[in-house]
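Take a moment to look over the sequence and the fold. Then follow the text from one part to the next.

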Amino acid sequence: MKKLTALAAAIASAVILGGCYGNRRAAENVFEHLTPPPSDWYKETVGYYENGAKTGWKDESLYGDVSAELKDPDNHAGYYLADLNSDGTDELLIGFTEGGETKFTDVYIYHPDLKDHVLNSFKAAGDGYYIYLCEGNVLRHDWEYPGKKEPQSDYMKLAKDPVSGWPMQDYDSDPPKPVRCDLKTFDGSAGK
């Protein structure tokens, strides 16, 4: 009887521990099992900006929050797609190129757990506040601080699970340099 009880306890332990390991493994691989987003998930957002460029950004109720730099036809604003967190889905970056650098004002992400699946997860106001895509898919956010002569810069990477937010990236050596991105312009021009 003792042998039978010990055998039953060993089997139960194996089943319980196996179930825990299986659940942990499933949680670790959740991104491998997500339904991929539609290939053109960003089409509606791009259309919003294209319509603004086509109409001269006249409708203030629609385009009041768009930075003046994106509205400036000389800047040839556009978008760039990049998989910032290696989850297999491109993020949508909105910006313009000036002086050899691409300056972004908005970053949109797609994730099936987000309400409406799309989130404008990171927004810079423009006019001194910008986001730069740097080597290694690191984002640099420049912002001005009252009383400081130089803009401040924060370096970040998009989390593998974007629902959890934008954790800060720590650097103890030289930070990565911004890269120039070939934008697809909203006005159909070749850009700068």
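Is Asn 137 buried, exposed or partly exposed? This is a predicted model, and in it Asn 137 has a relative accessible area of 26%. Buried would mean under 20%, and exposed would mean over 50%. Asn 137 is therefore partly exposed. Find it in the loop between strand 5 (130–134) and strand 6 (138–143). Its backbone deserves a look too. Phi of Asn 137 is near 60°, a positive value in a residue other than glycine. Most residues other than glycine have a negative phi.

Trp 57 sits in the loop between helix 2 and helix 3. Its relative accessible area is 8%, so Trp 57 is buried. Gly 56, which follows helix 2, also has a positive phi, near 70°.

Now step back into helix 2 itself. Helix 2 covers residues 43–54, twelve residues in total. From its first C-alpha to its last it reaches 16 Å. That is close to the 16 Å expected at 1.5 Å a residue. Which residues of helix 2 are buried? They are Thr 45, Val 46, Tyr 49 and Gly 52. These four cover an arc of only 120° around the axis, so they lie on the same side of helix 2. An α-helix has 3.6 residues a turn, so residues three or four places apart point the same way.

What does the buried side of helix 2 meet? Its buried residues pack against helix 3 (60–63) and helix 4 (68–71). They also pack against strand 1, strand 2 and strand 3. Turn to the face of helix 2 that points away from the buried side. There you find the exposed residues Lys 43, Glu 44 and Lys 54.

Ala 53 also belongs to helix 2. Its relative accessible area is 26%, so Ala 53 is partly exposed. Leave aside the neighbours within four places in sequence, and Ala 53 is in contact with Phe 186 and Asp 187. Now compare Ala 53 with Lys 71. They are 18 residues apart in sequence. In space, their C-alpha atoms are 7.0 Å apart.

Next come the strands. Strand 1 spans residues 78–82, and strand 2 spans residues 91–98. The two pair in the antiparallel sense, over five bridges. Two of the facing pairs can be picked out by name. Tyr 80 stands opposite Leu 93 in strand 2. Leu 81 stands opposite Leu 92 in strand 2. Strand 1 is also joined to strand 8 (residues 184–185). These two strands run antiparallel and share two bridges. Here Tyr 79 has Lys 184 in strand 8 as its bridge partner.

Why can strand 2 be called largely enclosed by the rest of the structure? Seven of its eight residues are buried, and that is the reason. Strand 2 is joined to strand 3 as well, by seven bridges, and the two run antiparallel. One of the bridge pairs is Glu 98 with Glu 101 in strand 3. Strand 2 and strand 3 form a hairpin with two residues between them. Gly 99 lies in that turn and has a positive phi of about 60°.

Stay with strand 3, which covers residues 101–110. Thr 105 is found there. With a relative accessible area of 1%, Thr 105 is buried. A polar contact of 2.8 Å joins its side chain to that of Asp 106.

Last, look at the charges. Side chains of opposite charge can pair when their charged atoms come close. How many salt bridges does a search of the whole structure find? It finds two. One links Glu 98 and Lys 103, with the closest N and O atoms 2.7 Å apart. Glu 98 has a relative accessible area of 33%, so it is partly exposed. Lys 103 counts as buried, because its relative accessibility is 11%. The other salt bridge joins the side chains of Arg 140 and Asp 142, at 2.9 Å from N to O. Arg 140 and Asp 142 are both buried.

Key
Residues are numbered from 1 along each chain as its sequence is written. This is a predicted model: local features need pLDDT of at least 70, side-chain atom pairs count only at pLDDT 80 or more; totals for chains, interfaces and linings use all residues. Side-chain values use heavy atoms; hydrogens and water are left out. Two strands pair if DSSP finds at least two bridges between them. Buried means under 20% relative accessible area, exposed over 50%, partly exposed in between (1.4 Å probe, protein chains only). A polar contact is a pair of N or O atoms within 3.5 Å; within protein, one must be able to donate a hydrogen and the other to accept it, and residues adjacent in sequence count only if both atoms are side-chain atoms. The expected span of a helix is 1.5 Å times one less than its number of residues. The arc is that of the directions from the helix axis to the C-beta atoms. Contact means heavy atoms within 4.5 Å. A salt bridge is a side-chain nitrogen of Lys or Arg within 4 Å of a carboxyl oxygen of Asp or Glu.
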